[in-house]
Amino acid sequence: EGGWKNDLPSGLGIQTNPDGTIYTGEWKNGKYEGQGTLTTADGGSYTGSWENDQPHGPGKLTRPDGSKFTGEFRKGKAVGEGELITPEGKETKVSL
């Protein structure tokens, strides 16, 4: 649901997959690109910058267990310094 260009998702849109994963955000040439949120059926999510279908730039990753990482991502992986919050609510600075 959303914008299309050259038969590919482009602009703002929402994609709901059969496995329960939902992406809401920006698209470019059929890929997640720009700002968006991906929520998984098990309760995990990533909100932030996307490039070529991968988290890339500042973002926040929430795991199904409730732990959260806020920081930088490159090509889908957390990098550099960030903040980790455990499921119990303990905050710590981390360097990856």
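Predicted model: local features only at pLDDT ≥ 70, side-chain atom pairs only at ≥ 80, totals over all residues.
Me: Where is Asn52 found?

Reply: Look in the loop between β5 and β6 (54-62). Strands here are DSSP runs of E with at least two residues, while helices are runs of H or I with at least four, and both are numbered from the N terminus. Residues are numbered from 1 along each chain as its sequence is written, and side-chain values use heavy atoms, with hydrogens and water left out.

Me: Why is Asp7 called exposed?

Reply: Exposed means over 50% relative accessible area, buried means under 20%, and partly exposed is in between (1.4 Å probe, protein chains only). Asp7 has 71% relative accessibility, so it counts as exposed. Asn52 has 43%, so that one is partly exposed.

Me: And what makes Thr21 buried?

Reply: Its relative accessibility is 12%, which is under the 20% limit, so Thr21 counts as buried. Thr21 lies in the loop between β2 (8-16) and β3. Not counting residues up to four places away in sequence, Thr21 touches Gln15, Thr16, Leu38, Thr39, Thr40 and Ala41, where a contact means heavy atoms within 4.5 Å.

Me: How do you know which strands are at the edge of the sheet?

Reply: The sheet is open, with nine strands in the order β1-β2-β3-β4-β5-β6-β7-β8-β9 and antiparallel pairing. The edge strands, β1 (2-5) and β9 (91-95), each pair on one side only. On average, neighbouring strands are turned by 15° against each other, direction ignored; the angles are taken between N-to-C directions of lines fitted to C-alpha atoms, for helices over the stretch in contact, and run from 0 to 180 degrees.

Me: Why do β3 and β4 count as a pair?

Reply: Two strands pair if DSSP finds at least two bridges between them. β3 and β4 have six bridges in the antiparallel sense, so they meet that cut-off. Tyr23, for example, has Leu38 in β4 as its bridge partner.

Me: What makes up the largest nonpolar core?

Reply: Eight residues: Tyr23, Trp27, Tyr32, Leu38, Tyr46, Trp50, Phe69 and Phe73. The elements giving two or more residues to this core are β3 (22-28), β4 (31-39), β5 (45-51) and β7 (68-74). Such a core is a set of buried Ala, Val, Leu, Ile, Met, Phe, Trp, Tyr and Cys residues joined through side-chain atoms within 4.5 Å. As for one of its members, the contacts of Trp27 beyond four places in sequence include Pro9, Ile14 and Tyr32.

Me: Why is the link between Arg74 and Glu72 called a salt bridge?

Reply: The term needs a side-chain nitrogen of Lys or Arg within 4 Å of a carboxyl oxygen of Asp or Glu. The closest N and O atoms of Arg74 and Glu72 are 3.3 Å apart, so the pair qualifies. A search of the whole structure finds one salt bridge. Arg74 is partly exposed at 39%, and Glu72 is partly exposed at 28%.

Me: How confident is the predictor, going by the mean pLDDT of the chain?

Reply: pLDDT is the predictor's confidence in each residue, from 0 to 100. The chain's mean is 95, and 100% of its residues reach 70 or more. Confidence is lowest in β1, at a mean of 86, and highest in β5, at 98.
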